[in-house]
Amino acid sequence: MNIALIGYGRMGHEIESIAVKRGHTIGLIIDVDNMYDLTSEKLKGIDVAIEFTTPDSAFDNVTACFKAKVPVVSGTTGWLENYDEAVETCNKNRTAFIHSTNFSIGVNLLFRLNAELAKRIKDFPDYNVLIEEIHHTKKLDAPSGTAITLANGIIGQNSSYKSWCFENEKKDESIPIRSVREGDVPGVHVITWDSEIDSISLRHEAKNRKGLALGAVVAAEYIHNKKGVFTMNNVMGF
């Protein structure tokens, strides 16, 4: 595939390295200093775009690619109030889209285990859940998109919970999320179900950004030559 990288920070560099190792080429790189190059003309010959930027630019980046008939893999979080409009633009232009709050294969296994545990534990009301996420100090959004996806996975399987909230704003029928920003932590997510007699925890700790980058490239390989809107469940075969 000939790939466009939109966003060329640490994640963009990791994606480039893995994509090249898997036999792909990088035909276009867009970053903050050349956003004006994200045009239909420059996107000619691009098979798929991989977008990791910022919440305030993601929607425009994604829809610009759709209008050029280029499929998009997007890992930017914090902009999903515009997701439905992006999907509409994707379908209107008969191309393909996959967005995930986390492309890591390990995290997507965690999503599956989290939902299954929430389903099984709903008959045992003595357990209360807490989600904790820890990230580097440069992460712009809180809670993380991954933490929100985990919370929604619980809500979808356990009728005791209707929403999520920040830990210090605890509300009835809400899942508290604790967000910590420290150092250069790539990402830690812990789901703990606690009772008076024991605790059950699911934990994922990213050692680096390679897992995210690999998952994004695998997702790009999956949507290449497809039309429609997909999720990592499709990629994982769930």
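Q: What do F66, Y83 and F97 form?
A: F66, Y83 and F97 form one aromatic cluster. This is a predicted model: local features need pLDDT of at least 70, side-chain atom pairs count only at pLDDT 80 or more, and totals for chains, interfaces and linings use all residues. Residues are numbered from 1 along each chain as its sequence is written, and side-chain values use heavy atoms, with hydrogens and water left out.

Q: How many aromatic pairs are there by the ring rule?
A: Rings of Phe, Tyr and Trp (its six-membered ring) pair if their centres lie within 6.5 Å; planes under 30 degrees apart are stacked, over 60 edge-to-face, the rest tilted. The count comes to seven aromatic pairs.

Q: What makes F59 and W79 an aromatic pair, and of which kind?
A: Their centres are 6.5 Å apart and their planes 50° apart, which makes the pair tilted. F59 lies in helix α2 (residues 58-67) and W79 in the loop between β4 and α3 (83-92), so the pair ties together parts 20 residues apart in sequence. Helices (H or I, at least four residues) and strands (E, at least two) are DSSP runs, numbered from the N terminus.

Q: Are F59 and W79 buried or exposed?
A: Both are buried. Buried means under 20% relative accessible area, exposed over 50%, partly exposed in between (1.4 Å probe, protein chains only).

Q: Why do the rings of F66 and F97 count as they do?
A: The ring centres are 5.1 Å apart and the planes stand at 80°, so this pair is edge-to-face. F66 belongs to helix α2 and F97 to strand β5, so the pair ties together parts 31 residues apart in sequence. F66 and F97 are both buried.

Q: Why does N102 count as buried?
A: Its relative accessibility is 8%, so N102 falls under the limit for buried. N102 lies in the loop between β5 and α4 (105-121).

Q: What makes the link between the side chains of N102 and T146 a polar contact?
A: The distance is 3.2 Å. A polar contact is a pair of N or O atoms within 3.5 Å; within protein, one must be able to donate a hydrogen and the other to accept it, and residues adjacent in sequence count only if both atoms are side-chain atoms. The N102 side chain also reaches the backbone nitrogen of S104, at 2.9 Å.

Q: How do you know that the span of helix α6 agrees with its number of residues?
A: The expected span is 1.5 Å times one less than the number of residues. For the 14 residues of α6 (residues 210-223) this gives 20 Å, and the end C-alpha atoms are 20 Å apart, so the two agree.
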